[in-house]
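Colleague: Could you take me through this model and tell me what stands behind the words you use for it?

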Amino acid sequence: MAAARINSSIQNTISLLVSSPLASITTKTRRSRLKNHQNLFFSPKSKRPMMFCTCTNTLPSNPQTDDDTFVLTTPLYYVNAPPHMGSAYTTIAADAIARFQRLLGKKVIFVTGTDEHGEKIATAASSCGSSPSEHCDLISQDYKNLWQDLEISYDRFIRTTDVKHEAIVKEFYSRVLANGDIYRADYEGLYCVNCEEYKDEKELLDGNCCPMHLKPCIQRKEDNYFFALSKYQKLLEETLTLNPKFVQPSYRLNEVQSWIRSGLKDFSISRASVDWGIPVPNDNKQTIYVWFDALLGYISALTEKGEEPNLQRAVSSGWPASLHLIGKDILRFHAVYWPAMLMSAGLGLPKMVFGHGFLTKDGMKMGKSLGNTLEPKELVHKFGSDAVRYFFLREVEFGNDGDYSEDRFINIVNAHLANTIGNLLNRTLGLLNKNCQSTLSVDSAVAAEGKALKQTVEKLVEKARTHYENLSLSLACEAVIEIGNAGNLHMDEQAPWSLFKQGGAASEAAAKDLVIILETVRIIAVALSPVSPSLCRRIYAQLGYSDDHFNAVTWSETKWGGLKGGQVMAQPKPVFARIELGTEADGGDAKAVKKAAKGKGKKAQAQIIAEA
Ligand SMILES: Nc1ncnc2c1ncn2[C@@H]1O[C@H](COP(=O)(O)OP(=O)(O)OP(=O)(O)O)[C@@H](O)[C@H]1O
Ligand SMILES: [Zn+2]
């Protein structure tokens, strides 16, 4: 914002800053003041500070959120264009985390939705010849459809054009205003419409191009309302020092701290030139800036159906959120602007903001504005949702950037899901069918006595749990596949097929080996269910369990000993067929199998159908 000039209808501002309780206090007194702050909320159990606020009129948070409830959010996606694999990536990761937390027995509120206001939307709508609201309905529905294809188990889908959201935004705005943090001033600067953000000249490329969108920023001058972000600089610094886990992964914390240290400037929170937005209370010539509006979707999503929307109710239904999952592109909004806005309004801060990396194409962030996207719908259609979810969570270390390649996709999915897990189950069930009438001879706890596999599995399950808890999703997948490797090793070392041929005690030992391996696969199905839920459901069905049983599974069922003697397994049927280069098969989906076989040579057809 070097070119920015804030002129002095600023009488207000100066008096605001001077009268700010932070303007005249030293760091030492500020720190003790933070400690004793009457509005510093502590979480009931952990006694960790949950929020700071300078507003005297605080809204108490949900007392339950600390232990029993896990509220997580994805960004509310901008409906300037349909979703792409990048939007799907965040949502798949959030879904895996939500499913894991449900397995732990938490009450999960998983929030996603669409951000529908602003200039970029109005332009996108008019370029397709539709009204903004028709355009938003259409694209928002695209997101919902994709989430269904990807088996996203969201609890709330908030649209920022929802009436309840508008009510919450206006109330929030009024609280910030009442706290003395909004003033009016002229503003001039370089604006990227695609980021919907004024840019500092020094962060731009030649020709004042936005580094993310590679398009020139426009010089803009407006009479706007401003949010006094600068007033929160010290509080934000202190908050991050006291609670460094607020920003994750830890290497992103430095980035956020250096933004704050380099000086926070007030930012404009209204637009005079944009009609498509929520009118500013008491000045309907201006609309509220799309980011100020959109972030509040995380709170308005919490209002219960049919109830009068107000902040107090929304907040008591689950705020503060446990986790905001976002891409690193919008970290500044979530880790700097948003906490300051919440402090101003007297609301608790989310417990964590996790900024993951980008899916890239030729080194550039895949995005709607650049149009260099990968179509998730096509991928799901070709390979099935289990494979798509698994690949991106396993392949891209959560936090870092990652590139997509179809060869790598097929290799990984085949090696892990088809071979390590699918084949192991299928071979074992085949032997059980042939030699034991598909019936388990003993309890898995008894079968495992004196065998090393049980301890190995227990250790790896613990590892997977820790990785899920730390949001290291790729490592969690790796730990689960290691369980599969251990099961395969046991199978190969014991060679039960040859023991059965010997009969007598050898045959009994072989039957026990099959029980042990099936128990191993059962545990895999629980531990991998956050990532590839349908595949795990099919595994449970093969092990003779009902759908209802699978639906009620919790993480405690990763404990060894679930399979009991006498349990009858289903007829062996592959749970995940190998993807052959050039075929489009997902083993669980007969339609996809037929489609994959269609038009292929007889031999290839026979192979695909046989595998399915
Ligand atoms: N390439 C990507 N890799 C990972 N996540 C992405 C990617 N693109 C978008 N996202 C997710 O979507 C969020 C941004 O949502 P938005 O609706 O603005 O999509 P976008 O495609 O980045 O838009 P644009 O290209 O117009 O900037 C990111 O913070 C991230 O959560
Ligand atoms: Zn931009």
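Here is a conversation about how the terms apply to this chain.

Modeller: A word on conventions: this is a predicted model, in which local features need pLDDT of at least 70, side-chain atom pairs count only at pLDDT 80 or more, and totals for chains, interfaces and linings use all residues. Residues are numbered from 1 along each chain as its sequence is written, while chains are lettered from A and ligands numbered from 1 in the order in which they are written.

Colleague: Thanks! What does the secondary structure of the chain come to?

Modeller: The chain has 24 helices and 18 strands. Helices are DSSP runs of H or I with at least four residues, strands are runs of E with at least two, and both are numbered from the N terminus.

Colleague: Why is Arg252 called partly exposed?

Modeller: A residue is buried if 20 or more other C-beta atoms, placed from the backbone, lie within 10 Å of its own, exposed if 12 or fewer do, and partly exposed in between. Arg252 has 19 other C-beta atoms within 10 Å, so it counts as partly exposed. Across the chain, buried residues make up 49% of the 612 residues.

Colleague: Where is Arg252 placed, and which residues is it in contact with beyond its sequence neighbours?

Modeller: Arg252 belongs to helix H8, residues 250-261. Leaving aside neighbours within four places in sequence, Arg252 is in contact with Val247, Lys328, Leu331 and Gly355. Contact means that the C-beta atoms of two residues, placed from the backbone, lie within 7 Å. On the chain level, residues 24 or more positions apart account for 74% of the contacts with a separation of 6 or more.

Colleague: What makes S7 and S10 edge strands?

Modeller: Strands pair if DSSP finds at least two bridges between them. Four strands form an open sheet in the order S7-S6-S8-S10, with antiparallel pairing. Strand S7 (197-199) and strand S10 (267-268) each have a single partner strand, so one side of each is left without a neighbour in the sheet.

Colleague: How do you know that S8 and S10 pair?

Modeller: Two bridges join S8 (residues 218-227) and S10 in the antiparallel sense, and at least two are required, so they count as a pair. Phe226 has Ser268 in S10 as its bridge partner. Strand S6 (residues 182-192) is joined to S8 by 10 bridges, also antiparallel, and there Arg184 stands opposite Tyr225.

Colleague: Which strands make up the parallel sheet?

Modeller: That open sheet has six strands in the order S5-S4-S3-S14-S15-S9. At its edges are strand S5 (156-159) and strand S9 (247-248), each pairing on one side only. Within the sheet, S3 runs parallel to strand S4 (residues 107-115) and is joined to it by eight bridges. Tyr78 stands opposite Asp115 in S4.

Colleague: Which residues are closest to ligand 1?

Modeller: The closest are Tyr78, Gly86, Gly327, Gly367 and Ser369, among 21 residues that surround ligand 1. A residue is near a molecule or strand if its C-beta atom, placed from the backbone, lies within 6 Å of it. Strand S3 (69-78), helix H3 (85-103) and strand S14 (323-327) each supply at least two residues of that shell, and H3 gives the most, with four.

Colleague: What makes up the shell around ligand 1 by class?

Modeller: It has 10 nonpolar, eight polar and three charged residues. Ala, Val, Leu, Ile, Met, Phe, Trp, Tyr, Cys and Pro count as nonpolar, Asp, Glu, Lys and Arg as charged, and the others, Gly among them, as polar.

Colleague: And into which domains is the chain divided?

Modeller: Domain 1 covers 27-44 + 68-376 and domain 2 covers 404-576; such bounds come from an automatic or database domain assignment. Their C-alpha centres lie 42 Å apart. The contact between them takes 12 residues from domain 1 and 11 residues from domain 2. H3 gives the most to the side of domain 1 that touches domain 2, with six residues. By class, that side has nine nonpolar, one polar and two charged residues.
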